[in-house]
Amino acid sequence: RHGSKVREMFLGLPARQAVTIYAGVLWVIPVAMVQPYVSLYMVALGFSETELGVYQSMMNLVGLVFFFIGGYFSDTWGRKKALIFFDILSWGGYCSCLALARNKWWCLAAIFFLATNAASGPSYLSLLSEGIASKRRAFVFAVLQMANQAPFLLFFPLLGGVWVSKRGLVEANHEMYWLFAVLVAVGIGLRWKLLPDSEAYEKSALSWFHAFRDGLRQYRDALGRFFPKPAAGLFLF
């Protein structure tokens, strides 16, 4: 009975949510391979451990800015177009820099590109929720978590380890990031071809100032609806 429910969850997703999630697995497979080695790889290319931590912390500020940028373009371009554009910018730049990297400056550029991926967040989460009844959203996010964890539970981290042991740390990572770039390109192509166009648009603001002011108003209104909920304090804690 439980197996039947799981199959229903995976096979019963609407096209918008199914394409968004399942194409994203093509990102997670190479991430499972390279994640244990990314810090070692950057140190081998010239970063000190301190520089690595400092630069990654600094890029959190870039991510905050790009959350706002991504939300603005998600509203005005539509969610599909915004997601694809920022995935090309962030993941394409990240994979290309680390595939070509010969010194630490390539790594710094890669960290910057990955920080811009925050701009994909608003459109990605909106696509997961769009057109889904609230009582079924739990199924969508359950499938998302299972699909994203599956490559880590399977043999892909082991494959990355074998690759590094056979080719050496630097050369193996060069090759794995080229594979990463190819899989990202395939995933973006699938989303471009198969993902239904978003149903949600907003009229473009007169200026960035007006957009920022309207965004702050919406943010304040959202917090006003969130904090009175009984679980809000526990959630934030």
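1. Charges. The protein carries 22 positive and 13 negative charges, and their mean positions lie 7 Å apart. Lys and Arg count as positive, Asp and Glu as negative, with His and the chain ends not counted; each charge is placed at NZ of Lys, CZ of Arg, CG of Asp or CD of Glu.

2. Basis. This is a predicted model, in which local features need pLDDT of at least 70 and side-chain atom pairs count only at pLDDT 80 or more, while totals for chains, interfaces and linings use all residues. Residues are numbered from 1 along each chain as its sequence is written, and side-chain values use heavy atoms, leaving out hydrogens and water.

3. Fold and dimensions. The protein has 12 helices and zero strands (DSSP runs numbered from the N terminus: H or I of at least four residues for helices, E of at least two for strands). The radius of gyration is 20 Å, close to the 18 Å that the globule rule gives for 237 residues, so the protein is as compact as a globular protein of that length. That radius is taken over C-alpha atoms, and the rule is 2.2 Å times the number of residues to the power 0.38. The C-alpha trace spans about 50 × 50 × 40 Å along its principal axes.

4. Burial. Of the 237 residues, 40% are buried (under 20% relative accessible area; exposed is over 50%, partly exposed in between; 1.4 Å probe, protein chains only).

5. Ser-74. This residue sits in helix 4 (residues 49-77). Ser-74 is buried, at 3% relative accessible area. Between the C-alpha atoms of Ser-74 and Gly-12, 62 residues apart along the chain, the separation is 26 Å.
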